[in-house]
Amino acid sequence: MNFIQTRGVDNSKPEKVTFSEAILSPIASFGGLYVPENLPNLGEAFLNKHRNSSYKTLAKDMLDAFAIDIDSAVIDEALNLYDKFDDASNPVPVVKVKENLYVSELYHGPTRAFKDMALQPFGIVLSSIAQRLNENYLILAATSGDTGPAALETFKNRANVKVACLYPDGGTSDVQRLQMVTEDAANLKVIGINGVFDDAQSALKRLLASETFKKALQEKDTKLSAANSVNFGRIIFQIIYHIHSYLELVRQNAISMGEKVYLNVPSGNFGNALGGYYAWKMGLPVEKIIISSNENNVLTRLIRDGKYDLRGCEVVSTTSPAMDILKSSNVERVLFDLFGEARTKELMLSLEEKNFYELREDELARLRELFDADYCTGEEGKKYIKETFEQYDYLMDPHTATCMKSYETCSKDDIKSIIYSTAEWTKFSPVIANALTGEVDTKDIDALQSIAKVAKLQIPSMINELFTKEIAQKTVIEKEAIEEEILKFL
Ligand SMILES: N[C@@H](CCOP(=O)(O)O)C(=O)O
């Protein structure tokens, strides 16, 4: 399958590229993104075929349907990484919370967040292409807390690859920060910036599009790619778990095959929701995709009013910091799919130049045919964490908790909901301890212990170990110095 470009073609790139070309160089013409030329239509026959398949069998068949130019043995090696998740036979448990509400737990991998679902296999795929081509790659990652640890984990000590990971200093949870700054492999560089996630992501996009930067890298015999969801190599693995979660509901006799469900997705950069959108386009029976946000509710406003409006808008720090994002990368891929390249280019340029775009009434109606949205404040989120734990004995993190509000406001009772749980409770323990016991200003290690006691849970060893590991990555810089700092590392 070939990949085409969301903003049309500016002749600096070929009109269509292969999957490996799209993942090695993820920014397309005019600063756009790559998208599949056609999506495979899997339909109910595919769902029936995989009614009782393991996650890996389903994943292999879905990837085969994309006909990507990656060796089958590499794909197998990549998918085998799911064997290291908590339960090798089911890396993504789907848990019933109450009658019509199910949680798809995407956080059972090494860094305890959903990013492992895609970044674990993506690490193998990208580094094996780099080795095959005998090329060296610098992989940029911008993170608000989950992508960074998962990117560092997947690429650490891999041949032909170095990673520069940018995070907002003070803008992540303490566990997320420790997961990054305690990484000491020689091919990894973690850079804290004085700024917010959007600054880190803007720098990443600017560098990916900069010929000067690429030239400077060339002098160091290095090419440039990215680990974020701008890279379609991430998205392809984020489609699979939506299909798996649906099939889990069928296997649990919660729904019959063909019955529609809500996919309720905590959203920041929109990669997770886009995976659901593509799964729907490929034939998954979906009633609506519900986009859940925190106080940085730019996506709620887009889906309700058709306006992407960042004028006078500053990112606010919330209890769900991984979603403290205003410029959400993957909305662009949905715009392209619904309205085509010319309109996408127009809208995205308007956002870049005026911090604003507005959909026409007919366009908004099309968007709302499949999407709905709501946002949840930190206080509301804590109330949902407490209630869900006390009433249903189910513990959720603050990002997952944002879905509880939209579950109440956007879904009908007679249709089952799948909420996607993006992170384990261990990554945000002070907020959860506060929600459950009222304790305030608790250090992460103390909060972890008090939650473990109240909820009778074990703290996983990879989280416990963080508190005694040496801090190996101490760089914190102004955002203007990012390029220089990265070049120093190479
Ligand atoms: N919420 C993310 C931000 C980056 O998102 P990505 O899906 O584009 O990698 C994070 O936690 O880092």
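**Close-up views of a predicted chain**

**View 1. The shell around the ligand.** By class, this shell holds one nonpolar, 11 polar and one charged residues, where Ala, Val, Leu, Ile, Met, Phe, Trp, Tyr, Cys and Pro count as nonpolar, Asp, Glu, Lys and Arg as charged, and the others, Gly among them, as polar. The ligand is surrounded by 13 residues, and the closest are Thr 143, Asp 146, Thr 147, Asn 228 and Ser 229; a residue is near the molecule if its C-beta atom, placed from the backbone, lies within 6 Å of it. The model is predicted, and local features need pLDDT of at least 70, side-chain atom pairs count only at pLDDT 80 or more, and totals for chains, interfaces and linings use all residues. Residues are numbered from 1 along each chain as its sequence is written.

View 2. An unreviewed UniProt entry places the feature "modified residue: N6-(pyridoxal phosphate)lysine" at Lys 115; UniProt positions are given in the numbering used here, feature names are shortened, and annotations may be inferred rather than shown by experiment. Lys 115 is located in helix H5 (residues 115–133), helices being DSSP runs of H or I with at least four residues and strands DSSP runs of E with at least two, numbered from the N terminus. Lys 115 counts as buried because it has 34 C-beta neighbours inside 10 Å; the cut-off for buried is 20 or more other C-beta atoms within 10 Å of the residue's own, for exposed 12 or fewer, and partly exposed lies in between, with C-beta atoms placed from the backbone. When neighbours within four places in sequence are left aside, Lys 115 is in contact with Asp 146, Thr 147 and Ala 150, contact meaning that the C-beta atoms, placed from the backbone, lie within 7 Å.

**View 3. The largest nonpolar core.** This core has 151 residues, and those with the most contacts inside it are Ile 139, Leu 140, Ala 141, Ala 151, Val 163, Cys 165 and Leu 166; a nonpolar core is a set of buried Ala, Val, Leu, Ile, Met, Phe, Trp, Tyr and Cys residues joined through C-beta atoms within 7 Å. Helix H10 (residues 232–251) gives the most to this core, contributing 11 residues. Not counting residues up to four places away in sequence, Leu 166 touches Ala 141, Ala 142, Thr 143, Ile 191, Ile 193, Ala 200, Ala 203, Leu 204 and Ile 482.

**View 4. Two asparagines with positive phi.** Most residues other than glycine have a negative phi. Asn 11, which is not a glycine, has a positive phi of about 70°, and is found in the loop between strand S1 (3–5) and helix H1 (19–24). Asn 11 counts as exposed, because it has 7 C-beta neighbours inside 10 Å. Asn 355 likewise has a positive phi, near 60°, and lies in the loop between helix H13 (331–354) and strand S12 (356–358); with 15 other C-beta atoms within 10 Å, Asn 355 is partly exposed.

View 5. The unreviewed entry places "domain: Threonine synthase N-terminal" at residues 3–75, a span that is 40% helix and 8% strand, with its end C-alpha atoms 19 Å apart. For "domain: Tryptophan synthase beta chain-like PALP", the unreviewed entry lists residues 97–342, over which the chain is 44% helix and 21% strand, with the end C-alpha atoms 44 Å apart.

Definitions and conventions. Two residues are in contact if their C-beta atoms, placed from the backbone, lie within 7 Å.
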